[in-house]
Amino acid sequence: MTLAVRYTSARTLDTAPAAPRTPGPGEVELAPAFVGICGTDLHIFHGDMDARVAAPAVLGHEMSGRVVRVGPEVEGWQPGDAVTVMPLRWDDSCPACQVGHQHICQHLDFIGIDSPGAMQQRWTVPASTLVRLPASLSLDRAALVEPTAVAVHDVGRAEVAEGEKVVVVGGGPVGILIALVARAAGAEVRVVELSAHRRLLAEELGLTAWNPADVDVPALVTGWTADAGADVAFEVSGAAGGVTTAVDVLGVRGRLCLVAIHPHPREVNLHRFFWRELTLVGARLYDRTDFEKAVALVADGTIPADRLISKVVPLTQAPAAFEALEGGGDVMKILVDCTDDTQGATV
């Protein structure tokens with residue numbers, strides 16, 4: 001028997017024995033090494049996704065690990081291979097899939113939400129979801145490939161180009177990753193974030209960060225852009241005020257990329273969209289090209305993954321880690337070490 005972290009009800013997780021599932025045709029069994037806790041996992045923990053998540057549910061989709069067993073009809077993989085997983089399973093028949101947008105399949109199985117996830121010591125998944133990791137990339141850093149793929153997709157959807165001025169509203173893990181990916185694309189970037197801890201980290205990574213509680217962000221953008229306004233704004237905060245800021249900083253024909261999940265309708269200044277001919281684009285998930293680019297960015301150090309990892313905890317301490325993340329601002333990314341269920345947390 002192995003161990004798994006399971007969501008059982010609102011604000012309740014347990015660590016329970018789980019029987020590994022033998023991989024069937026086209027499947028592989030993995031030994032997860034490190035699994036990141038993300039904002040969606042917190043939404044599940046709070047009970048906000050009970051209509052979708054069937055308890056008890058094993059969580060986790062930001063992961064790295066190694067192949068343990070290979071099922072029938074699987075080629076190109078063998079035990080010991082270092083991998084991450086693109087946790088998407090689509091039906092290939094819905095209208096979205098038929099036009100090439102499988103990542104937003106209308107019947108998508110997001111593995112780790114709609115089906116069992118990676119926060120366990122053994123995990124069986126379709127071989128088609130595997131993404132190879134280079135031997136030079138440590139598995140703890142590799143756990144940040146999935147959120148980096150989100151950022152790569154977001155920057156691509158916004159069509160960020162070299163020399164453009166970009167404002168990222170929200171300096172949590174995904175916001176910082178978007179800022180770093182946009183900078184790697186040649187953009188000039190500013191991050192808007194309330195948390196002093198997150199602003200400091202952004203600045204240590206060479207980014208300029210502003211506190212919207214202390215400064216007039218649109219006025220700063222006006223000065224920074226010589227009254228032109230930003231070319232692109234990313235709304236990553238999930239807050240009503242963040243939406244307003246993201247719209248207000250944009251210049252003529254600017255693009256607003258909506259990244260955060262807003263659970264409630266928001267008021268939007270549509271007059272400004274009309275007056276400046278703005279564009280709103282949604283960005284959800286990623287495709288394999290995004291994932292492969294994310295692997296390269298983490299592996300070559302463009303994404304300083306070690307600086308974004310706040311804490312690593314053993315599997316048995318995962319429930320407490322969810323509670324720690326609720327504090328928000330002083331923590332970036334917590335990883336669960338699925339290989340170690342005995343030792344205490346390390347910082």
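Strand S1 (residues 2–9) and strand S2 pair in the antiparallel sense over 7 bridges. The model described here is predicted.

- In general, the strands of a sheet pair through backbone hydrogen bonds, in either the parallel or the antiparallel sense.

- The model has a count of 14 salt bridges.
- Side chains of opposite charge can pair when their charged atoms come close.
- One of these salt bridges joins Arg-122 to Glu-29, with 3.5 Å between the closest N and O atoms.
- This pair links distant parts of the chain, 93 residues apart: Arg-122 lies in the loop between strand S8 (109–110) and strand S9 (123–126), and Glu-29 lies in strand S3 (residues 27–36).
- Glu-29 is buried, because its relative accessibility is 3%, whereas Arg-122 is partly exposed, with a relative accessible area of 29%.
- Arg-69 joins Glu-29 and Arg-122 in a network of salt bridges.

- Arg-141 and Asp-306 meet through their side chains in a salt bridge, at 3.6 Å from N to O.
- Here too the pair links distant parts of the chain: Arg-141 belongs to helix H3 (residues 139–142) and Asp-306 to helix H11 (residues 305–308), 165 residues apart.
- Arg-141 counts as partly exposed at 36% relative accessibility, and Asp-306 is partly exposed with a relative accessible area of 39%.
- A salt bridge of 2.7 Å, N to O, is formed by the side chains of Glu-204 and Arg-307.
- Glu-204 is part of helix H6 (residues 196–204) and Arg-307 of helix H11, so that this pair links parts of the chain 103 residues apart.
- Glu-204 is partly exposed at 45% relative accessibility, and Arg-307 is partly exposed with a relative accessible area of 37%.

**Helix H8 and its cover**

- In helix H8 (residues 240–248), the buried residues are Gly-242, Val-243, Thr-245, Ala-246 and Val-247.
- Among the elements that cover these buried residues are three strands, namely S11 (165–169), S14 (230–235) and S15 (250–258).
- The cover also includes helix H7 (217–224) and helix H9 (270–276).
- An α-helix has 3.6 residues a turn, so residues three or four places apart point the same way.

**The largest cavity**

- The model contains 1 cavity of 30 Å³ or more.
- About 30 Å³ of space lies in the largest cavity.
- Its lining consists of Leu-144, Pro-173, Leu-177, Leu-308, Met-332 and Lys-333.
- By class, the lining residues of this cavity divide into 5 nonpolar and 1 charged, with no polar residue.
- Lys-333 supplies the charged member of the lining, because Lys counts as charged.
- Leu-308, a residue of this lining, falls within the range of helix H11 (residues 305–308).

Definitions and conventions. Residues are numbered from 1 along each chain as its sequence is written. This is a predicted model: local features need pLDDT of at least 70, side-chain atom pairs count only at pLDDT 80 or more; totals for chains, interfaces and linings use all residues. Side-chain values use heavy atoms; hydrogens and water are left out. On a 1 Å grid over the protein atoms alone, a cavity is a set of points where a 1.4 Å probe fits but cannot get out, and a pocket is an open set with protein on both sides within 12 Å along at least five of seven lines; lining residues have an atom within 4 Å of a point. Grid points are joined across faces, edges and corners, and a volume is the space filled by probe spheres set on the points. A salt bridge is a side-chain nitrogen of Lys or Arg within 4 Å of a carboxyl oxygen of Asp or Glu. Helices (H or I, at least four residues) and strands (E, at least two) are DSSP runs, numbered from the N terminus. Buried means under 20% relative accessible area, exposed over 50%, partly exposed in between (1.4 Å probe, protein chains only). Two strands pair if DSSP finds at least two bridges between them. Contact means heavy atoms within 4.5 Å.
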